[in-house]
Amino acid sequence: MAKTKPNAAKNIIVLFVIALVSVSILAVLNQITLEPIAKAEAEAKAEVYRAVYSDAADFEELTEYSGETSSYAPEDESIVINSVLEAKDSSGQGIGYVFDVTSKNGYGGDVQIAVGITNGGEIKAFSVIDNSGETPGLGANSSKPEFSDQFAGLKADTIAFSKTGANRDNNEIDAISGATITTTAVTTAVNEAINLYNTMLKGE
């Protein structure tokens, strides 16, 4: 019995060292992969921003309107303004804005969208960044051109949706069939971007 205690202590020390080494390796691997993942996510977002404002040569984030420190508070508490970027032409002149907005009221969770608005008060384009929680064949159709292309050319004014046939003169879009919740989440997010544009950015 006297010999078992040193052996037990030795085994505990060995297990501790193995655990410590394993944790250290995982920490190192995590640090190694964090940067590429962050870079990939940033590049994916940049691609979406270019898609909703194809005329822009560059984008400059307006940090005063982005994230939790934004000076703008959305009227709907379920909306988060992730970032606002000024779109600039090749000479550095501002030509409009891109809004990255999340609605927390999607059918399956968050719906994140991007919308471009020109200095002339017109929607340039709309794109979905993430709708992974929405139902395939229903709410997930918000990322399809048949839905997203409807926003281009509308006025930067309140957008409504119709289930019976949209009237573009009334700034309407057609709802996604069978996905009223997703359609509401998307239009609410776009309208919050429009409201921010009209109250804080228009004419700058």
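A contact here means heavy atoms within 4.5 Å. By that criterion, and leaving aside residues up to four places away in sequence, Leu201 touches Leu62, Tyr65, Val84, Tyr97, Phe99 and Leu196. The model is predicted, so local features need pLDDT of at least 70 and side-chain atom pairs count only at pLDDT 80 or more, while totals for chains, interfaces and linings use all residues. Residues are numbered from 1 along each chain as its sequence is written, and side-chain values use heavy atoms, with hydrogens and water left out.

**Overall layout**
- The protein has 3 helices and 7 strands, taken as DSSP runs numbered from the N terminus (helices are H or I with at least four residues, strands E with at least two).
- Read from the N terminus, the elements follow the order α-β-β-β-β-β-α-β-β-α.
- Among contacts between residues at least 6 apart in sequence, 52% join residues at least 24 apart.

**Nonpolar cores**
- Of the 204 residues in the protein, 38% are buried, where buried means under 20% relative accessible area, exposed over 50% and partly exposed in between, with a 1.4 Å probe and protein chains only.
- A nonpolar core is a set of buried Ala, Val, Leu, Ile, Met, Phe, Trp, Tyr and Cys residues joined through side-chain atoms within 4.5 Å.
- In the largest nonpolar core, which has 32 residues, Phe99, Ile113, Ile123, Phe151, Val190 and Leu201 touch the most other members.
- At least two residues of this core come from each of β2 (79-88), β3 (94-106), β4 (109-118), β5 (123-130) and α3 (180-201), and α3 supplies the largest share, 8 residues.
- A second, separate core of 11 residues includes Tyr53, Ala56, Val98 and Ala114.

**Aromatic rings**
- The structure holds 6 aromatic pairs, counted when the centres of Phe, Tyr or Trp rings (for Trp, the six-membered ring) lie within 6.5 Å, with planes under 30 degrees apart called stacked, over 60 edge-to-face and the rest tilted.
- Phe147 and Phe151 form an edge-to-face pair, 5.5 Å centre to centre with 80° between the planes; Phe147 is buried at a relative accessible area of 4%, and Phe151 is buried at 0%.
- Tyr97, Phe99 and Tyr197 form one aromatic cluster.

**An exposed residue**
- Phe16 lies in helix α1 (residues 4-52) and is exposed, with a relative accessible area of 55%.
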